[in-house]
Amino acid sequence: MTRLTWVTELFGRRQGFPCLFHFITGFYCPGCGGTRAVRLLLQGDIAGSLQYHPFVLYACLVVLLELFFWLYTAAGRIRGNKTHRYLPGMERRYHFWVRAGAAVVIINWVIKNLFLLAGVDLLPPI
């Protein structure tokens with residue numbers, strides 16, 4: 001066996017580099033499942049993506065909503081309506097999005113690890 005064969009065999013069976021936090025503690029870190037969630041979302045499996053990490057879908061929805069707000073503002077400026085201002089409302093939304101995203105990550109982290117303590121692994125290999 002060559003020196004790199006064990007590496008290709010190890011990563012061929014897994015998702016990629018293992019999580020160091022999970023490797024050391026046995027618990028999931030707040031980001032565990034994110035890569036698999038992106039992979040499943042790109043394949044069109046929304047339910048699977050939510051199972052692995054709901055922040056991925058949350059981030060996609062936030063980006064789409066902010067794009068909508070930006071396009072709405074840009075359309076208003078093109079029509080000559082100077083009352084359409086994107087930046088003042090953006091600061092309030094930004095604080096809301098960040099707090100809501102942090103809550104999603106923390107709640108997901110706690111739930112995954114509580115289930116793991118109960119013997120149920122919510123992040124099986126794909």
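So, let me start with E66, which is found in helix 5. At 13% relative accessibility, E66 counts as buried, where buried means under 20% relative accessible area, exposed means over 50%, and partly exposed is in between, with a 1.4 Å probe and protein chains only. Helices, by the way, are DSSP runs of H or I with at least four residues, strands are runs of E with at least two, and both are numbered from the N terminus.

Before I go on, the housekeeping. This is a predicted model, so to speak of local features I need pLDDT of at least 70, and side-chain atom pairs count only at pLDDT 80 or more, while totals for chains, interfaces and linings use all residues. Residues are numbered from 1 along each chain as its sequence is written, and side-chain values use heavy atoms, with hydrogens and water left out.

Back to E66. What does its side chain meet in a salt bridge? That would be the side chain of R93, at 2.8 Å, N to O. By salt bridge I mean a side-chain nitrogen of Lys or Arg within 4 Å of a carboxyl oxygen of Asp or Glu. E66 sits in helix 5, residues 54-78, and R93 in helix 6, residues 87-117, so the pair ties together parts that are 27 residues apart in sequence. Both partners, E66 and R93, are buried. And a search of the whole structure turns up one salt bridge. E66 has another contact too: a polar contact of 2.7 Å joins its side chain to that of W97. A polar contact here is a pair of N or O atoms within 3.5 Å; within protein, one must be able to donate a hydrogen and the other to accept it, and residues adjacent in sequence count only if both atoms are side-chain atoms.

Of its 126 residues, 24% are buried.

Now helix 3, residues 34-42. Which of its residues are buried? They are G34, R36, A37 and L40. Looking down the axis of helix 3, those buried residues fall within an arc of 160°, so they line one face of the helix; the arc is that of the directions from the helix axis to the C-beta atoms. On the face turned away from that buried side, helix 3 carries the exposed residues T35 and L42. V38 is in helix 3 as well, and V38 is partly exposed, with a relative accessible area of 38%. Its C-alpha is 9.7 Å from that of L50, which is 12 residues away along the chain. After helix 3 comes G44, with a positive phi near 90°.

Next, the surface. F21, F27, I106, V110, L114 and L117 form a nonpolar patch with about 560 Å² of accessible area together. Patches are made of residues with over 30% relative accessible area and no salt bridge, joining like charges within 9 Å and nonpolar side chains (Val, Leu, Ile, Met, Phe, Trp, Tyr) within 5 Å. The areas come from the Shrake-Rupley method with a 1.4 Å probe, and for residues only the protein chains shown count as cover. Helix 6 gives the most to this patch, with four residues. F21 comes from helix 2, residues 20-25, and at 37% relative accessibility it counts as partly exposed.

C19 is partly exposed at 23% relative accessibility, and C60 is partly exposed at 35%. C29, in the loop between helix 2 and helix 3, is buried, with a relative accessible area of 16%. C29 and I106 are 77 residues apart in sequence and 9.9 Å apart in space, C-alpha to C-alpha.

That's what I've got, thanks.
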